[in-house]
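Trainee: Hi! Could you walk me through a few parts of this one?
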Amino acid sequence: MAEYPVHEYDVLVVGAGGAGLRAAIEASAAGCKTAVITKSLLGKAHTVMAEGGMAAAMGNVDDRDSWRVHFADTMRGGQYLNNCRMAELHAKEAPARVYELEAWGAIFDRTQDGRILQRNFGGHRYPRLAHVGDRTGLEMIRTLQDHGIHQGMDVYAEHTVLTLLMDGNRCAGAFAYDRERGRFKVFPAKAVVLATGGVGRAFKVTSNSWEYTADGQALAYNAGASLLDMEFVQFHPTGMVWPPSVKGILVTEGVRGEGGVLRNKDGKRFMFDDIPENYRSSTADNEEEGWRYTQGDKSARRPPELLTRDHVARCINREVKAGRGSPHGGVFLDIAWIKEKLPNSIEHIKKKLPSMYHQFKQLADLDITKEPMEVGPTTHYIMGGIQVDGDTQMSSVAGLFAAGECAAGLHGANRLGGNSLSDLLVFGQRAGEYAAKFAKESGAGKLDHSQVDAAAQAALAPFERGAAGENPFAVQSELQDFMQELVGIVRIESEMQQAIEKIHALRARAAKAGITGNIEYNTGWHTALDLDNMLIISEMIAMAAIERKESRGGHFRDDYPDKSAEWAKYNLRISKGADGRPQLERVPVVPLTDEMKQVIEENK
Ligand SMILES: Cc1cc2nc3c(=O)[nH]c(=O)nc-3n(C[C@H](O)[C@H](O)[C@H](O)COP(=O)(O)OP(=O)(O)OC[C@H]3O[C@@H](n4cnc5c(N)ncnc54)[C@H](O)[C@@H]3O)c2cc1C
């Protein structure tokens, strides 16, 4: 093996978002020598962008809330394809994880009597999202980062993991490079936790940060782990649509939680026209009731703007397609209207939604306290990801764990807003705990130097091809264009088949990617190295979306617009076949226990 620096750990965590930091805190607390590797600077992971809050049934604002209602809401939101064990653990453990964050110094907005304030969000029956204005992710990251550093973990900022190192079927560490200097490093580890987030950068219009290039999902797949539910990508209903340079940037659901309403170009609140049967009894049937709900009236039902994201996104899409959209191809989201109800509406909006106020003022020169915003769907989240054991978060590869957005199971076909931040805490903690246990019980794996040499050689190949090679930015941009167009919010078999053919053609071009310049902070090189991950995962999304011949949650098929009772029985799993190609299979959904069935029934 060439002489690369070697940094050895008990537990290596890849990713410094909420899930990675929470896992690292747990592993360090268990006495393991722990490191976190992150592509960005510490404190800059994508979690920092989270706005609305974290869902936990603490019942501070409405004491009818409990883990049972949260569990039932999560299962209904996920259209019953969720791993029910994960949904149960999540609902039961989220409150403790939030209080723990508070004990570590997180500041939350407060109720009149000083408890953590909770706000309404789509699909949650009661106000459930603990929050800090619309900057909850920032507070979460700041708290975890401070606590983690004091716990004694090492941090490798601006480092990218390129491959996992294997000892037979067991994960034995990772091989990474330092983005700033372009130097390789070897990280032998007894256990590895992947917490690398999502895949949004494979699409053109996205709320996701540059880090979301599907690395963790691809690293796990290449190491032999299985992926689940890859067809379920969430298109958030409200991203900015104007100006073009900021298209896709998120407009938090918190706007609707605070009373914001959706209107088409004729001023009509179109969401009242399409309320799904299974939400009819819990949804307001008039505007006045919807407003009272957002103001905490316990006898009122939620407005249809707070139906689940998949549904709201499709309704917006329909309005735009029918020619009833806003001038720039979205619809109107209006919070300014609350001046009819609240005399101090301007201060109220600025206090409750400070980031949204600044975002629109600075990026679109629009004052949301006075004018409606223009919004439309944006690629936001992937429910699918690395298949894990519900209790331990271990993947199908020994010693390889996954938590947060890169893992699958909790959210089924559709994630409820706010359930990600609590997912990061609950399953980050569990991944850290069980990775530490695995490290202590299993000892170190054997390092295979030839794997390191092969990975280094592959990583340097784009330099050898130089300017004669394919431009990695062009390949990435083409992928984003057609994934948005052909595997986006409304899907049809023939288009997705076209997407697969295009992915194959792009893979051949990506294999010839060439770059010029130095190895130090070379963004062309970074992009060339990301391409393979994005292409592998895009193919899986298209494959699974073709296979699932029904519409459910985030997956909408124009050629199969209804839900199918048969498909309700299965998740789709993808693993690497003997021929090196992705193999798809149906696996039965994790069965509900009798108690879970009863909880779902009593909360219908
Ligand atoms: C604008 C916005 C607002 C949101 N608001 C909310 C909200 O209010 N409530 C909610 O519940 N959810 C919200 N979400 C979703 C939520 O923020 C994310 O799902 C969540 O933060 C993901 O956290 P994570 O820990 O899994 O990953 P991340 O926070 O994305 O962290 C991933 C980490 O992995 C690192 N990484 C990736 N690849 C590699 C590699 N190859 N090598 C080394 N490091 C790597 C990255 O650098 C980063 O440190 C929001 C999302 C967006 C985009």
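Predicted model: local features only at pLDDT ≥ 70, side-chain atom pairs only at ≥ 80, totals over all residues.

Trainee: Okay, strand 2 then. Which residues point which way from strand 2?
Mentor: Strand 2 covers residues 34–38. Thr34, Val36 and Thr38 point one way, while Ala35 and Ile37 point the other way.

Trainee: And are those residues buried or exposed?
Mentor: They are all buried. With five of the five residues of strand 2 buried, the strand is largely enclosed by the rest of the structure.

Trainee: In which sense do strand 1 and strand 2 pair?
Mentor: Strand 1 (residues 9–14) pairs with strand 2 in the parallel sense, over four bridges. As an example, Leu12 has Ala35 in strand 2 as its bridge partner.

Trainee: What about strand 2 and strand 6?
Mentor: Strand 6, residues 154–157, pairs with strand 2 in the parallel sense, over four bridges. There, the bridge partner of Ala35 is Asp154.

Trainee: What do strand 1, helix 1 and strand 2 make?
Mentor: Together with helix 1 (residues 18–29), strand 1 and strand 2 make a right-handed β-α-β unit.

Trainee: Switching topic: at what angle do helix 5 and helix 16 pack?
Mentor: Helix 5 (residues 215–222) and helix 16 (residues 523–547) pack at about 80°, and their axes are 9 Å apart. That angle makes helix 5 roughly perpendicular to helix 16.

Trainee: Which residues meet there?
Mentor: From helix 5, Asp215, Gln217, Ala218, Tyr221 and Asn222 meet Asp530, Asn533, Ile536, Ile537 and Met540 of helix 16. By class, that contact has five nonpolar, three polar and two charged residues.

Methods:
Residues numbered from 1 in each chain as written. Heavy atoms only, no water. Axes fitted to C-alpha atoms, helices over the stretch in contact; angles between N-to-C directions. Helix = DSSP H or I, 4+ residues; strand = E, 2+ residues; numbered from the N terminus. Parallel < 35°, antiparallel > 145°, perpendicular 65-115°, else oblique. Contact = heavy atoms within 4.5 Å. Nonpolar A, V, L, I, M, F, W, Y, C, P; charged D, E, K, R; others polar. Buried < 20%, exposed > 50% of the residue type's maximum accessible area, 1.4 Å probe, protein only. Pairing = 2+ DSSP bridges. Right-handed = clockwise from strand over helix to strand, strands pointing away.
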